[in-house]
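Please find below some notes for a colleague who is meeting this structure for the first time.

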Amino acid sequence: MNDMTPTREQREAKLEGMGCKRKRVEDIRFTQGKGNYVDDVKLPGMLHGDFVRSPHAHARVKKIDDTEALKVPGVLAVITAETLKTVNLAWMPTLAGDVQMVLADGKVLFQNQEVAFVVATDRYAADDGINKVVVEYEPLPPLIDPFKAMDKDAPVLREDLAGKTTGAHGPRKHHNHIFEWTVGDKDLTDAAFRKAEVTFKEMISYHRTHPSPLETCQCVCSFDKIRGELTIWGTFQAPHVIRTVVALIAKLPEQKIHVISPDIGGGFGNKVGAYPGYICAAVASIVTGKPVKWVEDRIENLTATSFARDYHMTTEIASTKEGKVTGLRVHVLADHGAFDACADPSKWPAGFFNIVTGSYDFPTAHLSVDGIYTNKAPGGVAYRCSFRVTEAAYCIERAMDILAQKLGMDPAELRLKNFIKPEQFPYHSALGWEYDSGDYATAMKKAMETVKYSELRKEQSALREAFKRGETREIMGVGVSFFTEIVGAGPSKNCDILGIAMFDSCEIRLHPTGAGIARVGSKSQGQGHETTWAQIIATEIGIPADDIMVEEGNTDTAPYGLGTYGSRSTPVAGAAIAMAARKIKAKAQMIAAYKLEVHEDDLEWDIDGFRVKGLPEKTMSMKDICWAAYNSVPPGMEPGLEAVSYYDPPNMTYPFGAYICVMNIDVDTGVYKVRRFYALDDCGTRINPMIIEGQVHGGLTEAFAIAMGQEIRYDADGNVVTGSFMDFFMPTAVETPHWETDFTVTPSPHHPIGAKGVGESPNVGGVPAFSNAVNDAFSFLGSTHIQMPHDYWRNWKAAKDLGAVA
Ligand code: PCD
Ligand SMILES: [Cu+]
């Protein structure tokens with residue numbers, strides 16, 4: 001070996017494969033303002049559309065008069081439900097099996113609902129036009145309180161469903177009822193409660209909030225009359241699904257629809273579903289023969305697009321006196337707004353909420369969910385939520401704290417006592433899941449040691465005594481949360497969207513000089529797929545990550561994929577990438593064997609190529625194999641080096657984590673100070689530790705926002721009172737706490753590289769950690785459960801209600 005020969009370490013480092021803190025390649029263009037977003041798409045002759053929206057939450061639409069609007073210079077057309085009826089598009093199907101008005105058809109059902117679409121030569125003219133459209137409304141009584149939705153005399157919201165006693169998910173009990181979904185063994189659970197030494201029941205609400213990505217929802221639709229082809233650039237998290245939906249509802253052949261998701265400025269689930277803007281822009285383009293752009297503003301995004309949560313969870317736990325849980329019973333009242341437009345896999349009306357048994361070994365459990373209509377915006381699965389897992393984690397983590405308080409036990413000890421044990425994996429939960437792997441106690445103990453948990457508890461007792469003596473006005477809370485996530489939707493046996501199995505895909509093509517391109521069915525919105533996907537390939541086939549270009553988001557070039565949400569990209573697309581790479585490697589091995597004149601079985605893999613077993617100097621690098629693939633393949637073999645994989649995962653993956661939050665609250669002002677936030681995540685094999693850390697920081701910031709102030713709030717008339725960033729809490733670097741991150745690694749046994757998702761975890765685990773900290777702080781004053789969000793006012797109010805403030 002001469003001095004020039006790279007060492008094994010150097011060869012490995014050059015790959016920047018899995019485990020490397022590779023810098024994000026996409027950031028080169030993002031940080032220089034060179035990203036290419038939908039609003040950057042500017043086509044010759046492009047028109048602009050904007051919506052007339054309803055000021056009322058519930059009203060009959062008597063008349064729409066567009067005479068004056070059409071006189072505004074630049075305004076070309078005003079599209080209403082009547083126009084859309086001529087092409088059968090006044091209503092559209094939702095992913096949840098319901099239908100939704102594209103434009104108000106006879107009535108409006110939530111504030112800011114789309115009523116008419118004004119098309120003009122520029123955005124300003126469109127805006128002037130919408131102000132001149134005169135809509136005559138007859139206000140109807142609004143239904144805002146979900147607990148009144150199923151009252152006998154509750155207003156009828158969905159007149160289109162009159163007389164329909166069954167919906168997409170079974171029988172409907174009331175005119176505002178959407179579905180009832182039950183899981184688990186009711187009799188066994190009821191019996192466990194009858195026998196229990198200790199039980200409690202608490203209504204735990206997870207309020208309505210909104211993902212509010214920096215870039216709002218938008219699209220450009222361009223219909224080419226000559227070719228009969230429709231091209232749509234949009235902020236879509238699932239471009240292929242959008243193409244299929246457009247093909248089905250617009251009755252266009254699927255090959256004539258080109259859907260392109262360019263760079264996306266954050267998705268957070270907000271960009272999974274289909275919105276009226278897409279349909280209206282497409283129809284406007286077909287009608288005018290010109291490209292039409294639709295871009296939402298902030299208020300429209302906050303008030304009319306897919307919200308998050310709004311789950312009201314009546315929770316009961318049965319337990320022994322010693323704190324061993326024996327049963328869980330949960331009833332959820334799920335407020336879906338005016339249309340059921342949740343983006344869950346078809347068979348899951350409440351997503352994967354049945355993960356609500358969490359990290360604990362509940363022998364039996366029963367869950368029922370009632371979905372209902374109210375006069376609020378539709379949507380529902382968004383914001384790092386992975387199909388209602390955030391709601392479930394909040395429910396069980398809050399409930400475990402309440403049980404600990406009732407038993408006079410430490411909440412961390414109670415968790416340790418009830419954890420599913422490592423030897424119980426694969427673990428079958430009482431509500432039907434098979435957890436793939438976990439080592440909960442190890443993670444929990446590491447977290448407790450790092451934050452010096454017992455010392456914190458001592459400090460807290462001392463402070464409580466001082467508070468009682470009147471020496472301080474501060475109280476202290478330690479919030480513990482131990483979550484189990486379920487991500488990677490999903491196995492075709494139980495997951496589909498509109499009948500399409502939720503696989504994902506990858507196509508890798510290597511070029512003669514040892515570089516290549518990988519096209520993937522997922523779609524990054526900021527997660528950094530261009531960086532991490534190349535790292536998987538680098539480790540699998542020994543081509544440096546820098547030499548692999550990753551492409552996503554164009555339905556003409558990417559293999560069919562179900563898109564990016566629910567932290568499914570790593571568990572599903574990530575697996576497809578590894579499998580495609582392995583197909584390439586298998587062919588590469590045959591080529592190498594031929595070139596080295598040995599039998600395939602005599603070769604072994606070594607970092608970036610093959611070597612002959614027992615003859616380490618006889619090697620062929622992957623780079624040379626690439627050349628050979630186009631130059632001298634074995635007789636009978638096709639030239640070229642490429643592979644495609646469609647991966648149908650055998651199971652979901654179950655990441656987990658232990659979070660601890662330490663907080664002080666001043667009772668006289670309600671002002672809180674997050675003293676420490678420690679987050680340990682276990683997402684199995686880690687592809688890029690730096691990206692994971694970024695994901696965790698982002699998700700924790702969002703969790704902080706939700707728990708401590710963010711809310712989509714309606715007044716009694718159905719006005720959104722938090723419809724802009726003036727009122728909707730958006731933390732900046734000033735408010736955001738400092739995050740300490742940590743990890744353990746428990747690989748997924750069924751994933752080809754052992755990786756689990758991580759993007760959603762910090763939100764799933766973070767919210768209960770914050771809320772438990774606040775609740776823990778107040779508990780010694782006699783409270784059991786204080787509802788989120790815990791803003792200053794509510795903290796002060798809690799202190800006042802508990803008699804701590806005069
Ligand atoms: N183990 C591991 C895992 C993971 N990773 C990384 O990390 C990331 C993430 O991943 P995941 O978890 O798999 O996920 P995805 O699928 O990719 O994504 C999704 C998510 O993601 C998150 N994050 C984020 N970031 C950003 N920047 N932006 C955005 O938008 C967002 N969003 C959010 C959300 S909401 Mo949903 O939609 O609600 O359902 S869901 C979600 C990527 O890059 C990957 O690669 C690594 O490295 N490793
Ligand atoms: Cu989600």
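1. In this predicted model, the centres of domain 1 and domain 3, taken over C-alpha atoms, are separated by 38 Å. To place these two on the chain, note that domain 1 comprises 8–34 + 504–647, while domain 3 comprises 307–489 + 652–801; the chain also has a domain 2, made up of 38–140 + 216–264 + 271–304.

2. How many residues of domain 1 are in contact with domain 3? On the side of domain 1 there are 22 residues, and they are in contact with 23 residues of domain 3. Helices α14 and α15 each supply at least two residues of the side of domain 1 that touches domain 3, and it is α15 that gives the most, with seven residues. Sorted by class, that side of domain 1 has eight nonpolar, ten polar and four charged residues.

3. The two helices named above also pack against each other: α14 (residues 529–541) and α15 (residues 569–596) lie at an angle of about 35°, with their axes 9 Å apart. The crossing in which α14 passes α15 is right-handed.

4. As for the residues that bring these helices together, α14 contributes H529, W533, I536, I537, E540 and I541, and these meet S569, G574, I577, A578, A581, R582, I584, K585 and A588 in α15. Taken by class, this contact of α14 with α15 has nine nonpolar, three polar and three charged residues, with I536 of α14 and I577 of α15 among the residues that take part.

How values were computed. Residues numbered from 1 in each chain as written. Chains lettered and ligands numbered in written order. Predicted model: local features only at pLDDT ≥ 70, side-chain atom pairs only at ≥ 80, totals over all residues. Axes fitted to C-alpha atoms, helices over the stretch in contact; angles between N-to-C directions. Helix = DSSP H or I, 4+ residues; strand = E, 2+ residues; numbered from the N terminus. Left-handed = near helix turned anticlockwise from the far one by under 90°. Contact = placed C-beta atoms within 7 Å. Nonpolar A, V, L, I, M, F, W, Y, C, P; charged D, E, K, R; others polar. Domains from an automatic or database assignment.
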